[in-house]
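Subject: Structure handover

Hello,

Please find the structure below, with notes on what was found in it.

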Amino acid sequence: MKLKKTHDIESISISLEGNQIVIGGWVEDLRKLGKMAFLTVRDVTGIAQVIVKDITLPEDLTRQTVVMVQGIVQATKARDFTYEIKAVSIDILTKAIHPLPIDPIGRLESNIDNRLNARALDMRNQRVAAIFKIRSAVLASLRKTFLEKKFIEITTPKIIGSASEGGANLFSLEYFGKKAYLAQSPQLYKEQMTIGLERVFEIASFYRAEKSHTGRHLSEFTSIDLEAAFMDYTDVIQILEDLVVQVFRDVLTNCQKELAILERQIEIPNVPFERVTYSQLINELSKKGVELKFGDDLLDSHLRMVGESHPGLFFLLDWPMSLKPFYIHPKDDDLLISRSFDLQYGHLELSSGGRRLHDPKILRARISEQGLDPESFEEHLRTFDWGMPPHSGWGMGLDRLMTVIVGTDNVREVVLYPRDPERLSP
């Protein structure tokens, strides 16, 4: 037996009537009616009805078993199909055991934990598969836009020798007798790359050891990162806005089938996105009875209240310097306010970024002001002595962006094998 399909199912139509074809896929449904049987066979592109009439159906054929079907395309009276395939031969390639851990057709609903435990089988559920086809389209859209804007893709280390941003939420590991960490962001490396490459981006996994149990936090997440020389934070804000709008446009253009399966309607966001300052939100919250002073952080409860007034995409600008990392640049006319921003979708933070410090003396002083040891950043700081251009950048969570696009409040739905404080397998 040759494992050679002649057609993907989506490429078959009644125009091939009378032609002999070979398809491969899994049996989604099986109905026996006397001496006849009807199979629905699905591959990643679609579903076809197979009629078994003049040959013997394999006795051990079960639902979800992988088969190769050779047959002839013919007209059908079935309501849900425009053609059918009259089987000439059916070969079982791999038999599926029963009972299966979950029902991939979705007739019997399974909770998210059971589905994740059988994630590969979960991909046969068309709603789940639609999410990851959209995710693939989003990644393609992102890379296309970055390259059109003359950015160069880079790959930074994920095993590092020191805390990349001075944070405490790091996974540590032994590295040939030395202590190492899993990178929580590419921040320092992508800044260094602007010295020679000027405009860089990375789409990769990063790691944060936060014991968070929410629908938007994971221990391993995919980050979309950009850094650009000779740009201010207003310039990279515009790039971020362009990127997000293009993602929605490409998903609408290329994923109509998947959106229909999810019963999901999306619209291209209106531009420009609303711009709201930190001080404006403090005033808004004050009118709602929440008294905060300049420099107080916005808690999740505060952002949820903000999201009621600003439910869509908006930029949250001009954060206090005291709330931002050591590498963020202050405004020239007010050193207490940063040249920084977050991209919000209601209460949900999608991205954070800003103008970076490029003067090594100021940067060293800023590190000390935040109670960090400049010596632990010496390898990074010495690159600034080689002629660091002014630069700005941002990072955005791909997984969170996906929850907005497909309409879910649980980030685990849009990640193949999510990692959180309780889940380390499969």
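This is a predicted model: local features need pLDDT of at least 70, side-chain atom pairs count only at pLDDT 80 or more; totals for chains, interfaces and linings use all residues.

Residues are numbered from 1 along each chain as its sequence is written, and side-chain values use heavy atoms, without hydrogens and water.

The chain has 11 helices and 16 strands (DSSP runs numbered from the N terminus: H or I of at least four residues, E of at least two). Its C-alpha trace spans about 85 × 55 × 40 Å along the principal axes. Of the 426 residues, 51% are buried (under 20% relative accessible area, 1.4 Å probe, protein chains only).

Helix H3 (residues 126-148) and helix H5 (residues 233-254) have axes that come within 9 Å and cross at roughly 135° (lines fitted to C-alpha atoms over the stretch in contact; angles run from 0 to 180 degrees between N-to-C directions). The contact involves Ile134, Val138, Ser141, Leu142, Lys144, Thr145 and Phe146 of H3, and Leu243, Gln246, Val247, Asp250 and Val251 of H5 (heavy atoms within 4.5 Å).

Three strands form an open antiparallel sheet in the order S7-S9-S8 (two strands pair if DSSP finds at least two bridges between them). Strands S7 (159-160) and S8 (172-175) are the edges, each pairing on one side only. S8 pairs with strand S9 (residues 178-182) over 4 bridges, and Ser172 stands opposite Tyr181 in S9.

Regards

Terms used
Buried means under 20% relative accessible area, exposed over 50%, partly exposed in between (1.4 Å probe, protein chains only).
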